[in-house]
Amino acid sequence: MELKYDQTSPQSIETFGKRLIDGTLRTVIGVKKIPNPELERRISAHGRGSFGELVETFYYDIHPGNDSVPDFTEAGVELKTTPIKQIRSARYSAKERLVLGLINYREEAKRSFQTSSFFTKNERLMIISYLHDKGVVVGDLIVKIAKLVEYEKLPLEDRKIIHGDWEKIIEKIRAGKAHELSEGDTLYLGACTKSSDSSVMRTQVGDIPAKPRAYSFKSGYMTELVRRELEGEASEDERALKPSEAGQPMSFEDLIIKKFQPLIGKTVEEIHAFVGKGLNDMTKDYHAALARRMMGVKGARVMEFDAAEISMKTIQLRKDGMPKEHMSFPAFKYKEIVQQVWDGDEGPGGARAAFQEQVEKRFFFVIYQCGGDCKRGDQRRLKKVMFWSMPFDDRREAEKTWRKTVRQIKAGRADDLPGVKENRVAHVRPHARDSSDTDETPDKQHLVKKCFWLNQAYLKEVVK
DNA sequence: GCATGATCATGC
DNA sequence: GCATGATCATGC
């Protein structure tokens with residue numbers, strides 16, 4: 001392959017990359033024209049690492065060695081290859097987060113945003129996205145996106161959030177609390193754990209060892225970037241923050257909270273009169289729909305919440321302050337959950353426990369106060385809204401419920417899972433269409449589908 | 001009023 | 001048609 005681009009020019013790197021769109025490495029590199037046994041061998045490999053190496057070596061002909069500078073050093077461009085999924089026709093999502101480089105806690109603590117390893121390494125990203133397909137060798141994966149993503153050219157609304165995220169991460173690092181970092185701390189830019197082996201630790205500011213972590217764009221934000229590129233304006237979800245608001249010297253979360261302020265203390269009927277036109281107050285989604293309207297969003301999705309993977313939950317408090325309901329999560333599959341691992345498990349293990357990912361996410365609670373027991377017809381007032389991440393100690397409690405659940409299912413006792421009295425934070429209960437909506441256990445019992453729930457008494461303390 | 005089991009309404 | 005978030009029902 002001839003070199004047909006200028007390694008010192010970001011635009012040239014992008015233009016050259018775009019030749020891959022809707023093609024594959026095999027067709028674009030053209031193996032048949034120039035026989036190359038090494039290339040043939042590597043094109044027939046599997047796995048994402050192989051794809052990335054192939055693009056580096058045989059497409060761009062670069063051989064990056066130094067992790068602290070961008071791959072195209074002179075152009076200041078970092079090359080990233082990443083899988084996407086097609087959910088249904090014309091609907092795409094990122095398959096995973098985009099990892100942006102390991103954090104050296106002690107070094108990073110001394111830096112500013114502009115001199116941080118996040119910024120200096122990832123200020124310009126050349127992103128090549130291919131359609132994920134397990135059964136296909138890397139040479140035959142179809143490329144859908146080749147795009148130069150420059151930080152300074154992202155919308156101000158995005159940059160505001162990313163910069164705020166970086167500040168939150170660096171604050172913990174500087175305080176010697178890198179071991180307390182969690183992906184739920186931040187919105188688009190995360191500090192994700194990097195090692196599959198839980199015993200690996202790194203030094204940080206102070207003496208406490210911390211898990212190695214890397215900067216990453218969360219998968220929700222990657223999905224947003226993918227959709228902007230492939231689906232254009234037509235599919236754009238509504239933003240809660242208008243461009244003019246993004247310019248204000250206030251964090252994203254504070255700006256959201258501010259939108260609710262004028263309506264705190266108002267009854268649901270009064271709020272409906274302000275923003276609820278056209279909403280059906282009989283639906284289970286009503287309190288959530290009202291909350292979205294208060295944020296200025298008419299539809300069912302809030303773009304920033306999707307991109308930041310924030311779970312919005314509505315809570316109704318009875319007169320005594322106890323939430324009317326426990327809080328449910330998606331149902332688990334008995335056969336899947338026994339294959340999953342929680343951070344800290346020894347050995348290679350399987351997929352990260354879905355429940356762990358859920359309790360590490362950021363939540364947005366919209367809390368209504370009932371006049372009595374929250375039965376039908378009871379008066380409800382908007383009490384407050386709050387962003388929340390589950391504290392570390394409570395996640396350890398939730399982990400105990402998860403571990404007992406897995407242990408019971410493995411032991412053939414899937415009919416006896418942790419109840420609400422056994423744990424301060426979480427329990428297990430049915431979550432199905434009805435009692436005939438079952439799922440098969442590893443020992444071939446067919447039991448009603450279940451999920452993890454946060455205890456209402458725990459939530460009472462959280463929202464107090 | 002709590003623990004537990006069961007089910008609903010909607011969007012995708 | 002099912003996953004998801006939310007809610008209802010019953011027995012003690």
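**Exercise 1.** In what order do the four strands of the open sheet lie, and what is the pairing?

*Solution.* The model is predicted. Step 1: read across the open sheet, which gives β2-β1-β4-β5. Step 2: classify the pairing, which is mixed. Step 3: find the edges. They are β2 (91–94) and β5 (143–150), each pairing on one side only. Step 4: take the twist. From one strand to the next, it averages 30°.

**Exercise 2.** Describe how strand β4 is joined to β5.

*Solution.* Step 1: locate β4 at residues 124–131. Step 2: count the bridges to β5; there are seven. Step 3: assign the direction. The two strands run antiparallel. Leu-125 stands opposite Val-149 in β5.

**Exercise 3.** Find which strands helices α1 and α8 touch.

*Solution.* Step 1: take α1, residues 10–18. This helix packs on the sheet and touches β4 and β5. Its direction makes about 170° with that of β5. Step 2: take α8, residues 219–230. Helix α8 also packs on the sheet, with β1 (78–88), β2, β4 and β5 touched. The direction of α8 makes about 145° with that of β2.

**Exercise 4.** Characterise the surface near DNA strand C by residue, element and class.

*Solution.* Step 1: list the neighbours. There are 14 residues around DNA strand C, and Lys-313, Thr-314, Glu-325, Ser-328 and Pro-330 come nearest. The largest share, four residues, comes from β8. Step 3: sort by class. Four residues are nonpolar, six polar and four charged.

Definitions and conventions:
Residues numbered from 1 in each chain as written. Chains lettered and ligands numbered in written order. Predicted model: local features only at pLDDT ≥ 70, side-chain atom pairs only at ≥ 80, totals over all residues. Pairing = 2+ DSSP bridges. Axes fitted to C-alpha atoms, helices over the stretch in contact; angles between N-to-C directions. Contact = placed C-beta atoms within 7 Å. Near = placed C-beta within 6 Å. Nonpolar A, V, L, I, M, F, W, Y, C, P; charged D, E, K, R; others polar.
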